[in-house]
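The following paragraphs go through one protein model, from overall confidence to single residues. Please keep the sequence and the coordinates at hand while reading.

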Amino acid sequence: MKTICAAMLMALLLAPAAFGQFLEDRGNGVATSMTGTYISRGEWIVYPFFEYYRDEDLEYAPEEFGFEGDQDFRGRYRATEGLLFMAYGLTDDLAVEFEAAFIDASFDKSPSDTSGLPESLKESGLGDVEGQIRWRWARETARRPEMFSYAEVVFPHSEEKLLIGTADWQVKAGTGVTRGFRWGTMTARAALEYDAGSSSALDIGEFAIEYLKRLSPRWRVYAGIEGTADELALIAELQWHVRPNLVLKLNNGFGLTSKATDHAPEIGILIAIPMR
């Protein structure tokens, strides 16, 4: 079934489109890692945003927190996170990104967990710190889709903070295709990832199928399914372009599988600063 769905999606993305219509939803910029957001050469994007996480059945094993026991349990997780995302368009087809977060998280272990793990954990401080490079190596034409690749590095820090710290280097590399139609723009992407603290050298990382549609000069909508094989989420976003360079983004994530975060709403203001 997965093979059939993948084949149908590729056929859709490779289908011919009427010349000129495929940029209607997104413009000429390079896709960033932010949903439905593109950047042009010489442009800065600054995006401060706030995100909340609620998960009633977070899967964990006590050994992941440094305690004895490799049995999987389900705990309760809550977090609020303030993030700052920045990107810069180096060329018409190349962009760099940086993102840092401050997080306040709490975790309650399962009542059936008899390990030495404390009943509750609370931590706050620096969250993920990461950088990306985005490269569009084939622009969309009437006969072919846009093709791009990206690489991401998550920097280790605060190893002693088991709930919010990043113990080791994490590296991801992915690629994707984008195709514009009269009824909207479709994107498919997938990545491989390496975690220096993992027992396996290389794993299949996040993949996504995304839809973007410009409803009017001020409004755009986004919908996507993203995640890994057992952690899938539905993402929906409404974008209000208050001004050409100022966008209010209202985003909601809903877990589709039991291992995914149950609910993750997000709100932020995106500021685009042209430098040329």
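pLDDT is the predictor's confidence in each residue, on a scale from 0 to 100. The model shown here is predicted, and the protein averages a pLDDT of 91, with 91% of the residues scoring at least 70. Where pLDDT is low, the predicted coordinates should not be read in detail.

The secondary structure consists of 1 helix and 14 strands. The C-alpha trace spans about 65 × 45 × 30 Å along its principal axes. A compact globule of 276 residues would have a radius of gyration near 19 Å, so the 20 Å of the protein agrees with that expectation. Of the 276 residues, 41% count as buried. Among contacts with a separation of 6 or more, 53% are between residues 24 or more positions apart. The protein exposes about 14,300 Å², and carbon and sulfur atoms supply 61% of this area.

The largest has 14 residues, of which F65, Y77, A105, F107 and L163 touch the most other members. Strands β3 (43-60), β4 (73-89) and β5 (94-108) are the elements that give two or more residues to this core. Y77 illustrates the packing: leaving aside neighbours within four places in sequence, Y77 is in contact with Y53, R54, D55, L58, I103, A105, S106 and L163. A second, separate core has 13 residues, including M34, I45, A87 and A101.

Strand β3 also holds F50. Apart from neighbours within four places in sequence, the contacts of F50 are T80, E81, P265, E266 and I267. The C-alpha atom of F50 is also separated by 6.2 Å from that of G268, although the two residues are 218 residues apart along the chain.

Strand β10 (residues 203-214) runs antiparallel to strand β11 (residues 219-228), and 8 bridges join them. The hairpin between β10 and β11 passes through 4 residues, and A208 has E226 in β11 as its bridge partner. Strand β11 is in turn joined by 10 bridges to strand β12 (residues 231-243), again in an antiparallel arrangement. This second hairpin, from β11 to β12, uses 2 residues. Within the pair, R220 stands opposite Q239 in β12.

One backbone detail remains. Most residues other than glycine have a negative phi. S158 is not a glycine, yet has a positive phi of about 45°. Where does S158 lie? S158 is in the loop between β7 (146-154) and β8 (170-181). With a relative accessibility of 24%, S158 counts as partly exposed.

Note on methods: Residues are numbered from 1 along each chain as its sequence is written. This is a predicted model: local features need pLDDT of at least 70, side-chain atom pairs count only at pLDDT 80 or more; totals for chains, interfaces and linings use all residues. Side-chain values use heavy atoms; hydrogens and water are left out. A nonpolar core is a set of buried Ala, Val, Leu, Ile, Met, Phe, Trp, Tyr and Cys residues joined through side-chain atoms within 4.5 Å. Buried means under 20% relative accessible area, exposed over 50%, partly exposed in between (1.4 Å probe, protein chains only). Contact means heavy atoms within 4.5 Å. Two strands pair if DSSP finds at least two bridges between them. The radius of gyration is taken over C-alpha atoms; the globule rule is 2.2 Å times the number of residues to the power 0.38. Accessible areas come from the Shrake-Rupley method with a 1.4 Å probe; for residues, only the protein chains shown count as cover.
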